[in-house]
Amino acid sequence: MIHRSLIFLAFLTQAAPALATDLCNETSFIVEVAMGWRQNDTVAVEGWTRVRPGECVETGPESSDPLLLYARSSAAYLGGVREWRGDIPLCVGPSDFSVEGVTDCEPLGLEERGFTVLRGEHRLRTVLVE
């Protein structure tokens, strides 16, 4: 896990500053979003931002590119939780959280989730669809 995090940090150091992401929920679910970004020599992760169906919110820091995204639907829906994810493992908390540089989730009561990288047009505007 630490090795993958170091490779990812090297990947992030080549990034240029950008604006916050405009995140739009075009699903029929309430979605909770966690965002990650490079901060100093580590990765910071914050969650959860609630985005209602049809709503757009500005999220993530303005000074980090790329951003990392993990989103999930509320567990209240039939059929279980739906996820929008990627391959970069980062820690998330069960309720509102903010962590920096954590590579071992379990001892802190956190869970590992796969984040996706937002670059290019997706960095400025990301649309979640079913």
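**Group meeting: salt bridges and rings**

Okay, let's start with Arg72, which makes a salt bridge with Glu32, their closest N and O atoms sitting 2.8 Å apart. By salt bridge I mean a side-chain nitrogen of Lys or Arg within 4 Å of a carboxyl oxygen of Asp or Glu. That pair links distant parts of the chain, with Arg72 in strand S5 and Glu32 in strand S2, 40 residues apart. Strands here are DSSP runs of E, at least two residues, numbered from the N terminus. Both Arg72 and Glu32 are buried, meaning under 20% relative accessible area, with exposed over 50% and partly exposed in between (1.4 Å probe, protein chains only).

Quick caveat: this is a predicted model, where local features need pLDDT of at least 70 and side-chain atom pairs count only at 80 or more, while totals for chains, interfaces and linings use all residues. Residues are numbered from 1 along each chain, and side-chain values use heavy atoms, leaving out hydrogens and water. The chain's mean pLDDT, the predictor's confidence in each residue from 0 to 100, is 83.

Back to Arg72: what does it lie over? The face of Trp48, at 3.7 Å from the ring centre. The rule is CZ of Arg, or NZ of Lys, within 6 Å of the ring centre and within 35 degrees of the ring normal.

There are 5 salt bridges in total. Another one joins Arg125 and Asp22, at 3.5 Å between the closest N and O atoms. Arg125 is in strand S10 and Asp22 in strand S1, 103 residues apart. And Glu83, Arg85, Glu111 and Arg113 are linked in a network of salt bridges.

Methods
Helix = DSSP H or I, 4+ residues; strand = E, 2+ residues; numbered from the N terminus.
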